[in-house]
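Q: Can you walk me through this one? I'd like to start with the strands.

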Amino acid sequence: MLDKTKQTNEIHQSEPDVQIASHSADTKPTDAYQVDHPFYVSSSPHIFSKSTTQKIMLDVLIALLPATIASIVLFGYKALILVLVCTASAVFFEWAFQKICKQKIVIGDLSAAVTGLLLALNLPSSVTWWQGMIGSLIAVVVVKGLFGGIGKNFANPAITSRIIMLLAFGTVGASVQPVIGDITSSATPLAILPAKLPVQTLGEMFIGLRGGAIGEGCIAALLLGFIYLLVRKVITWHTPVVYIGTVFVLSFLLNGDLEITLYEILSGGLFLGAIFMATDYTTTPSRPLGKVIFAVGCALITVAIRRWGNLPEGVSYSILFMNILTPYIDKWVEKKPFGGVKHE
Amino acid sequence: MPLFKLPGVHVPHHKNTANLKATKMPIPHEVLIPMSMHIGAPAKPLVQAGDKVKVGQKIAEAGGYISSPIHASISGTVKKMEDILMSNGNYVPAILIESDEKMEVSESVKPVELTDQASFVQAIKESGIVGLGGAGFPTYVKLDVKDLSKIEEVIINCAECEPYITADTRTMIDNIDDVEKGVQLLKQYLQAKKIIFGIENNKKEAIASLQTLAQKDDTLSVHILPAIYPQGGEKVLIYHSTKKVVPEGKLPLDVGVVILNITTLAMIAKYIETGMPLVEKVVTVDGSCVAKPQNVIVPIGTKLKEVFAYCEGFKTSPYKVMYGGPMMGIAVPNLDVPILKSTNAILAFNEKEAHLPEPSACIKCGRCINHCPLHLNPPAFAKALELDQPEELEKLKVNLCMECGVCSFICPAKRPLVQNNRLAKAELRRYITKKKEEEKENE
Ligand code: SF4
Ligand code: SF4
């Protein structure tokens with residue numbers, strides 16, 4: 001069986017020595033080429049779309065660029081170091097893992113770089129470089145590599161790694177304030193909401209003048225990335241819009257105040273998670289309906305944790321939990337083959 | 001029109017030859033005519049080496065109900081019978097005729113007299129016309145309808161959704177008179193009450209030509225569909241034109257539909273009028289290597305090398321040559337293979353285009369699943385095949401896959417999905433045959 005599927009990747013070549021000019025030479029003085037090499041004979045189709053895994057991952061990196069720049073502006077050189085260390089070490093560990101396991105080296109597909117960068121953006125600037133490296137190691141080796149590499153992991157590597165780090169290092173949960181702006185001593189919005197309003201204006205929240213992970217604060221930059229991903233058709237609108245929308249509606253129902261609700265959705269890692277983590281191909285459902293169910297599930301858990309849990313933030317946990325449910329959602333929303341009839 | 005359209009993909013159109021009227025190529029030196037250019041039983045040869053034949057003369061008769069006769073496409077001498085390797089991997093007998101350069105027409109070619117449906121169907125059977133979908137289903141079988149009141153719509157497939165090919169487009173522009181005559185035949189002998197032309201919106205001139213025709217006759221309507229591949233897929237076009245779903249294992253006729261290709265319709269009319277059976281085809285010759293891409297009228301059996309030579313050969317050396325379009329076409333091993341009844345294009349690709357992209361791991365992006373026109377799940381087929389689970393393949397309905405190529409085309413990881421689907425289909429067929437045998441034994 002395995003052999004059969006393997007042969008599909010080969011190019012079958014035919015007998016050499018095809019000459020076009022042999023017979024038709026006297027019909028017409030032909031400037032036809034002598035075809036002195038075998039033809040490729042492969043199964044249809046014979047043309048392919050331009051999209052590749054590498055291009056998709058490059059698009060994600062480009063979409064993360066505004067948020068990355070914002071994180072460095074907001075959190076200074078520490079953010080820059082974190083971003084560089086996490087991204088570079090993720091790529092290195094993937095390379096090393098594949099080398100040691102004698103697998104094909106596929107770091108060129110850029111997916112390790114995406115994982116590393118996403119991890120960095122999900123951490124506060126107080127995380128040290130070596131903690132960041134351990135985080136990358138967990139993400140690309142434990143969560144991804146050991147499960148078979150790209151496309152095979154069931155949980156989002158960056159998110160799972162962040163959660164493990166959260167349990168291991170106190171610094172990861174810390175809410176470090178930006179180095180710019182004059183709100184350095186204020187409490188994290190999520191810690192005091194919905195009882196008290198934060199000192200920031202909504203506008204300040206929108207550009208990221210608040211404490212938290214380095215990449216989660218600047219909503220403007222994240223939305224820019226979202227638009228880019230939509231335009232490039234890397235993701236569809238379903239997950240982010242439904243996720244954030246449902247959190248908005250549920251929060252509003254629970255506290256009844258529009259201003260508080262707006263603060264709530266702008267706080268924590270909701271936009272970063274909804275746009276970049278809950279849209280990961282491998283660990284979330286494939287069909288639009290599945291994505292909607294996934295997003296609603298994420299929103300329910302996020303709101304529940306924020307409201308009733310004793311954790312400050314629920315985005316990572318909710319996405320991880322829904323990752324686990326993804327295979328079931330996929331099965332559940334499977335479409336009936338067109339024209340298919342049921343057999344008993 | 002149904003509210004929800006079946007998905008598909010945007011493929012590059014490359015309709016480079018759409019404005020080029022088909023020209024007749026010079027008489028080929030020889031033609032090689034295989035006995036199996038259709039689905040069903042091979043035709044039985046009626047001639048022997050040394051026999052003189054004329055254009056339109058029947059040289060092989062139908063080998064069964066689902067079969068088709070074959071006619072000489074040039075005049076000359078039968079040189080030999082030989083077994084040739086067809087692209088499906090089977091050896092098939094073929095008749096090699098050497099041209100006498102006269103193109104003398106056989107006495108048997110004379111206008112056909114029709115009296116009723118039976119004579120109409122019989123005539124089409126004699127014409128040797130087969131469907132243009134790669135498989136080449138004998139056309140008369142589709143029209144051999146026992147109860148004519150069952151036919152609610154006749155759909156004329158003008159979609160021509162494959163890139164490059166413009167042979168049908170040219171039929172609609174150059175041979176619209178034949179199309180009109182064909183329509184009259186359908187009305188008279190199939191009592192067609194509603195004839196729908198389904199066409200993609202990227203063929204402006206052809207649409208105008210059809211619309212002029214439709215204005216004169218209100219049984220006709222032109223249905224303009226978005227140019228999304230595979231609009232011309234039979235089930236897809238039927239659904240988009242009538243909202244009807246052809247169920248698994250059923251024929252279009254079971255839902256009251258007869259579906260014919262536009263060029264087939266024109267060929268039928270031409271045959272009835274002149275009595276000249278299917279002996280030549282309009283073939284789009286294109287691809288980056290071809291010096292002068294164009295539409296050519298080619299006698300069936302002409303070897304590809306002569307057709308390419310007529311198009312002034314190659315600009316660059318070809319590395320892949322195929323029958324048909326790039327989405328479903330069949331790659332050929334060399335240029336000595338002949339033009340078949342179902343060939344509507346031959347394309348020559350350069351080295352870069354010929355190279356298959358390197359497959360990498362599936363990233364579960366869902367593109368293949370969300371773009372499959374038939375809502376199938378190709379990665380699940382691959383998994384079931386790998387795990388050797390034919391019962392799973394049965395549940396997943398891999399048998400419905402029409403091998404349209406959309407999933408492989410769209411996959412960013414360049415997985416060979418269609419090829420996998422074919423293997424899975426074969427595996428499922430084996431499994432079902434075995435299951436049936438076991439059931440029989442148990443009885
Ligand atoms: S080849 Fe088969 S599985 Fe792939 S898109 Fe076409 S119908 Fe669907
Ligand atoms: S399109 Fe390719 S990569 Fe995406 S899910 Fe299908 S097989 Fe996997």
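Q: Which residue of S16(B) does B:Val321 stand opposite?
A: B:Val332. Keep in mind that this is a predicted model.

Q: How many bridges join S15 of chain B to S16(B)?
A: There are 3 bridges. Strand S15 covers residues 320-323 of chain B, and the two strands run antiparallel.

Q: What sheet do they sit in, and in what order do its strands come?
A: An open sheet of 6 strands in chain B. The order is S1-S14-S13-S17-S15-S16, with mixed pairing.

Q: Which are the edge strands?
A: Strand S1 (23-24) and strand S16 (330-332) of chain B. Each of them pairs on one side only.

Q: Helices now. In chain B, at what angle do the axes of H3 and H5 cross?
A: Roughly 40°. The axes come within 8 Å. H3 is residues 167-174 of chain B, and H5 is residues 204-215 of chain B.

Q: Over to chain A. Are H10(A) and H13(A) roughly parallel or roughly perpendicular?
A: Roughly parallel, because their axes cross at roughly 15° and the cut-off is under 35 degrees. The axes come within 10 Å. H10 spans residues 219-231 of chain A, and H13 spans residues 270-277 of chain A.

Q: What about the handedness of the crossing of H10(A) and H13(A)?
A: Left-handed.

Q: And which residues of H10(A) and H13(A) meet?
A: H10(A) brings A:Ile219, A:Leu222, A:Leu223, A:Gly225, A:Phe226 and A:Leu229. H13(A) brings A:Phe271, A:Leu272, A:Ile275 and A:Phe276. They divide into 9 nonpolar, 1 polar and no charged.

Q: Last topic, the two chains together. How many residues does the contact take from each chain?
A: It takes 62 residues from chain A and 83 residues from chain B.

Q: What area is buried between chain A and chain B?
A: About 6300 Å². Carbon and sulfur atoms give 61% of that.

Q: Which three residues supply more than any other three on the chain A side?
A: A:Tyr40, A:His46 and A:Phe338. They supply 14% of the area that chain A buries against chain B.

Technical notes. Residues numbered from 1 in each chain as written. Chains lettered and ligands numbered in written order. Predicted model: local features only at pLDDT ≥ 70, side-chain atom pairs only at ≥ 80, totals over all residues. Heavy atoms only, no water. Axes fitted to C-alpha atoms, helices over the stretch in contact; angles between N-to-C directions. Helix = DSSP H or I, 4+ residues; strand = E, 2+ residues; numbered from the N terminus. Pairing = 2+ DSSP bridges. Contact = heavy atoms within 4.5 Å. Buried area = accessible area lost by both parts, 1.4 Å probe. Parallel < 35°, antiparallel > 145°, perpendicular 65-115°, else oblique. Left-handed = near helix turned anticlockwise from the far one by under 90°. Nonpolar A, V, L, I, M, F, W, Y, C, P; charged D, E, K, R; others polar.
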